[in-house]
Amino acid sequence: MAYSDKVIDHYENPRNVGSLDKSDEAVGTGIVGAPACGDVMKLQIKVEDDVITEAKFKTYGCGSAIASSSLVTEWVKGMKIDEAEQIKNSQIAEELSLPPVKIHCSVLAEDAIKAAIADYRDKKKG
Amino acid sequence: MAAENPSPSEALPPFDPDLDHFARLGLRPGYAVDRDAVEAAYLERSKVVHPDRFATAGSGTRRAALEHSSALNEAYRVVRDRVLRAEYLVKLGGTDLDSSDPEGGAPKPEQAFLIDMIERRDAIDEGGVDLDDLRDSVEDELEAALASAVAGLDAGDHASAAAALVRRRYLDRFLAEIDDAIG
């Protein structure tokens, strides 16, 4: 399958790979998986005054899954969490020109950012 | 008694695309299969529908022979494989593990399992993990997941069989990465 240039760029130079301290009160962690293929994705955000100041990911999966999570971490930095929550997989798929068989990778990235925000909110509630 | 040169169109049963893989081989659906019986059924049926027998028949019959043969090959590939057979039985039960659809697709595993899948990989990245030991352990876990799926299938519990097979897919993927790391 031919990957788009943007997928290859994110795959070869992934942005924001790494981990944040998941015990930090300001850090939300989302871990999601794609059962059909076994891909797993961890996406973490650090939030200050409802704004995402840092985002990191680790994705064990195909190039499209890595590119989708890399792109999302780039997008969400500087966003308010309410905005980040609105990111749709279709925007990710469009930006990366994902073919139909790889749409589930963008779904995974959307699920991951939503899970990270939900985790952060849970923590704040205490 | 068949004539020496049976009419091909008479000898070839009509092709039914909706037959499941077990029925295609004349077997009852179920996890426990006799491997010799599967092979015998496959060979016997292959002979009957083999396209070579219909090389001089009309185009409709030739195409039907091809459809029969390829469906039979697929049935044999799935039914004789212990993992594919289990996954297929779950599919017959209404869960397609190849789909991510929340309705009828692969069920999501427990969050703790996913966290474990990430943390074990993190541990490899951080170094100090004996990859050969890890490989042995993941292979054992793969076997255990399949055994659990088979137990679920035997008990008619498709949900637990599907959940175990999903865990197996994640572990299978993890094993492939460990093999890459071992080189």
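User: Happy to start with chain B: how many helices and strands are there in chain B?

Analyst: This is a predicted model, where local features need pLDDT of at least 70, side-chain atom pairs count only at pLDDT 80 or more, and totals for chains, interfaces and linings use all residues. Residues are numbered from 1 along each chain as its sequence is written, chains are lettered from A and ligands numbered from 1 in the order in which they are written, and side-chain values use heavy atoms, leaving out hydrogens and water. Elements are DSSP runs numbered from the N terminus, with helices being H or I of at least four residues and strands E of at least two. Chain B has 8 helices and 0 strands.

User: Over in chain A, is D49(A) buried or exposed?

Analyst: D49(A) sits in the loop between β2 (39–48) and β3 (51–60) of chain A, and its phi is positive, near 50°, though the residue is not a glycine. Buried means under 20% relative accessible area, exposed over 50%, and partly exposed in between (1.4 Å probe, protein chains only). D49(A) has 74% relative accessibility, so the residue counts as exposed.
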